[in-house]
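Good morning, and thank you for making time for this presentation.

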Amino acid sequence: MDAYLQDVIDKGSVKDLRQTREQILSCFQKVRCFILPHPGLEVPKRGYSGEVSLINPFFRQLLNHYAREVFGPDLEPKRIHKRDLTAPELRQYVLSYVEMFKSGTRFPEAQTMLEATASANNQNALQLALNKYRGEMDAYCGPRTYEYRKVDLFLAHHRACKDAALRLFNSTATIGRKAQVKEFRGRVLGEIEDLFLRYEEANANRNPFRNFEYYALPLLVAALAFVLRWVADLESSCSLERRYLCRSVSNAMGHVYVFLVTFVLILSFNRVKMFVDYVRQIMPVLLGMDRSHMHLKTA
């Protein structure tokens with residue numbers, strides 16, 4: 001197996017350059033070869049539907065040995081380009097290699113293998129960068145935060161998170177053609193921009209003064225109606241002959257006041273609900289702090 005691997009690496013042609021093969025080897029900490037026999041004459045047939053009993057027993061025996069060697073109890077973290085892979089990243093590489101071998105009837109050329117490795121690496125770099133940005137922004141203004149962030153502070157934090165995500169992508173996406181890396185970098189920027197718009201909208205919704213102009217005029221009219229009703233109810237402001245008029249004005253201003261206050265409450269229902277939810281979130285924390293303070297005093 002070692003001899004076969006060395007033979008594959010040493011061979012070169014115009015299409016399959018030795019430099020490309022050496023670049024592939026430089027991406028991995030360790031490269032080994034495990035040769036399997038033919039799976040059996042029934043497997044390549046069109047009618048084969050996956051029956052294990054039709055597979056060559058010797059192939060199954062060696063495949064079992066291979067799987068136990070790769071994923072056995074002495075499993076070591078897989079390293080690509082001097083970095084340990086996470087489980088989702090390893091899955092991405094496996095999918096890329098499986099697709100590469102599915103698409104051809106012969107052993108893939110080195111350039112094809114390098115492109116498959118680069119594609120999986122760039123995809124993982126994209127996910128790492130997005131997770132970096134998403135994690136930092138969630139901690140600052142995500143769905144579990146209720147505090148409104150000022151626009152200048154919000155934008156500054158966004159730019160810092162974006163720069164950190166791009167640095168992580170640039171340090172990870174170092175394999176393959178520059179055009180492909182540039183394409184994935186553009187995707188990172190595009191998805192960060194989409195995430196930014198969502199965070200921006202969520203933060204704007206927490207602004208207690210957002211759309212205040214929609215509430216100011218009704219509240220002003222309601223306050224004026226309340227004052228007019230109070231004046232109309234004063235005995236000193238209404239003579240006996242104007243008592244009926246004052247009562248009518250008082251009732252009318254009362255209706256206007258109640259209507260406008262109800263209207264504003266309906267408009268601000270979601271904000272009131274958010275405030276109530278926020279109070280419910282912090283009350284257990286506050287009560288817990290009070291209890292611990294009381295225990296300390298007792299002690």
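I shall begin with the nonpolar cores, then turn to the aromatic pairs, the charged side chains and finally one serine. Please keep in mind throughout that this is a predicted model.

Let us start with the interior. In soluble globular proteins, nonpolar side chains tend to be buried together. Here the largest nonpolar core has 21 residues. Within that core, the residues with the most contacts are Tyr133, Met137, Phe169, Val188 and Tyr199. Helices α5, α6 (151-172) and α7 each supply at least two residues of the core. The largest share, eight residues, comes from α5. There is also a second, separate core of seven residues, and among them are Ile80, Leu85, Tyr93 and Ala118.

Leaving aside residues up to four places away in sequence, Tyr199 touches Tyr133, Arg134, Met137, Asp138, Cys141, Gly142 and Phe154.

I come now to the aromatic pairs, of which the structure holds four. I shall describe two. In one of them, the ring centres of Phe34 and Tyr66 are 5.1 Å apart and the planes stand at 50°, so the pair is classed as tilted. Which parts of the chain does this pair tie together? Phe34 lies in the loop between α2 (18-27) and α3 (57-71), while Tyr66 belongs to helix α3, so the pair links parts that are 32 residues apart in sequence. Phe34 is partly exposed, at 22% relative accessible area. Tyr66 is also partly exposed, at 35%.

The other pair takes us back to the core. Tyr133 and Tyr199 form an edge-to-face pair, 6.3 Å centre to centre, with 65° between the planes. Because Tyr133 lies in helix α5 and Tyr199 in helix α7 (residues 178-205), this pair ties together parts that are 66 residues apart in sequence. Are these two tyrosines buried or exposed? Both Tyr133 and Tyr199 are buried.

Next, the charged side chains. Side chains of opposite charge can pair when their charged atoms come close. The count here comes to three salt bridges.

Glu42 forms a salt bridge with Lys45, with the closest N and O atoms 3.3 Å apart. Glu42 is partly exposed at 34% relative accessibility, and Lys45 is partly exposed at 49%.

Lys132 forms a salt bridge with Glu136, where the closest N and O atoms are 3.7 Å apart. Both residues lie in helix α5 (residues 110-141), four residues apart, about one turn of the helix. Lys132 is partly exposed at 33%, and Glu136 is partly exposed at 35%.

Glu147 and Arg149 also meet in a salt bridge, at 3.5 Å from N to O. Is Arg149 buried or exposed? With a relative accessible area of 17%, Arg149 falls under the 20% cut-off and therefore counts as buried. The charged end of Arg149 also sits over the ring of Tyr140, 4.3 Å from the ring centre.

Finally, the serine. Ser96 lies in helix α4 (residues 87-102), and Ser96 is buried, with a relative accessible area of 15%. What lies 3.0 Å from a polar atom of the Ser96 side chain? The backbone oxygen of Gln92 does. Setting aside residues up to four places away in sequence, Ser96 touches Ala116 and Ala120.

Key
Residues numbered from 1 in each chain as written. Predicted model: local features only at pLDDT ≥ 70, side-chain atom pairs only at ≥ 80, totals over all residues. Heavy atoms only, no water. Buried < 20%, exposed > 50% of the residue type's maximum accessible area, 1.4 Å probe, protein only. Polar contact = N/O pair within 3.5 Å; in protein donor to acceptor, adjacent residues only side chain to side chain. Contact = heavy atoms within 4.5 Å. Salt bridge = Lys/Arg side-chain N within 4 Å of Asp/Glu carboxyl O. Phe/Tyr/Trp six-rings, centres within 6.5 Å; stacked < 30°, edge-to-face > 60°. Lys NZ or Arg CZ within 6 Å of the ring centre and 35° of its normal. Core = buried A, V, L, I, M, F, W, Y, C linked by side-chain atoms within 4.5 Å.
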